[in-house]
Amino acid sequence: MLTYTVGDIDYERELTEFGGDPVRVHVFVTEDRAEVMGDAEPCKHGLWRAAELSSAEGVRKVVYGTVSPDGKTGKILTVDREGEVLRMSFEGLDEPPLIVAAPVWPVIFYDLDLADLNAVLAGMPTLGQSFDFGVALVWPELGSDLLQSRGTASARFDGESKWQGRTAYHYDVSGALTGELWIDKAQAHILEARFDQSNYPEFRDFHLVLETERLDGEEAWQTLKTRNWGNCPAK
């Protein structure tokens, strides 16, 4: 199991002309699960996303929700894979599910800040070679489809390079995402990613950098989920 923290995502707020503040994101990855949780305002429910997946085929299910003071997660919406389509349904709403054609497999959900791609990479036998992956996005922006299939991204292997003293595989990415990707050669997880396409409406682009990594496991991850509620006033 690998738990690590990433940060430095360049984004643009609605009224900010250039740049913005770094966003810290926490990622928990196992061979069949990837979870993401952003730093939240103290004493408020934090946003949480999780994917069930396989190293060969990518996403089976994605759940979007919140984290409560006891570390439990509540669902808001669920995206299920059914064959070659993705089916999205909101919790508690008696509405027909939204269905879109799925991109090429393995697929990643860009909203998950590449957590699911990290899990797929860990089981991929072709690191050090070029590979393709599908890109999907859940973007609740007024006037657009909530569930979007963005198509295929191609990661072209460009050789080994040094990344902060580590040996990394470097990739040039084109297609649904355009930019660069650095993957740790020894541990097969993402060290840095720079893409021109944002993964949320308020962001300008995407820049993700590994800050810390810890082999902490499930118990430490559950503790992290409750950290936001550590010194809250009693109700």
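The model is predicted, so local features need pLDDT of at least 70 and side-chain atom pairs count only at pLDDT 80 or more, while totals for chains, interfaces and linings use all residues. Residues are numbered from 1 along each chain as its sequence is written, and side-chain values use heavy atoms, with hydrogens and water left out. Side chains of opposite charge can pair when their charged atoms come close. Here, the structure holds ten salt bridges, each one a side-chain nitrogen of Lys or Arg within 4 Å of a carboxyl oxygen of Asp or Glu.

**E82 and R87**
- E82 pairs up with R87 in a salt bridge, and their closest N and O atoms are 3.0 Å apart.
- E82 has 39% relative accessibility, so it counts as partly exposed (buried means under 20% relative accessible area, exposed over 50%, and partly exposed in between, using a 1.4 Å probe and protein chains only).
- R87 is partly exposed too, with a relative accessible area of 27%.

**K185 and E160**
- K185 makes a salt bridge with E160, with 2.8 Å between the closest N and O atoms.
- This pair links distant parts of the chain, 25 residues apart: K185 sits in the loop between β13 (179–184) and β14 (190–195), and E160 belongs to strand β11 (residues 147–163).
- Strands (E, at least two residues) and helices (H or I, at least four) are DSSP runs, numbered from the N terminus.
- K185 has a relative accessible area of 40%, so it is partly exposed.
- E160 is partly exposed as well, at 48% relative accessibility.

**E192 and R194**
- E192 forms a salt bridge with R194, where the closest N and O atoms are 3.2 Å apart.
- E192 counts as buried because its relative accessibility is 10%.

**A salt-bridge network**
- R33, E35 and E218 are tied together in a network of salt bridges.

**Around D172**
- You'll find D172 in strand β12 (residues 166–175).
- D172 is partly exposed, with 24% relative accessibility.
- Leaving aside residues up to four places away in sequence, D172 touches S154, A155, R156, D158, G179 and E180, where contact means heavy atoms within 4.5 Å.
- One of those contacts is D158: D158 and D172 are 14 residues apart along the chain, and their C-alpha atoms are separated by 6.7 Å.
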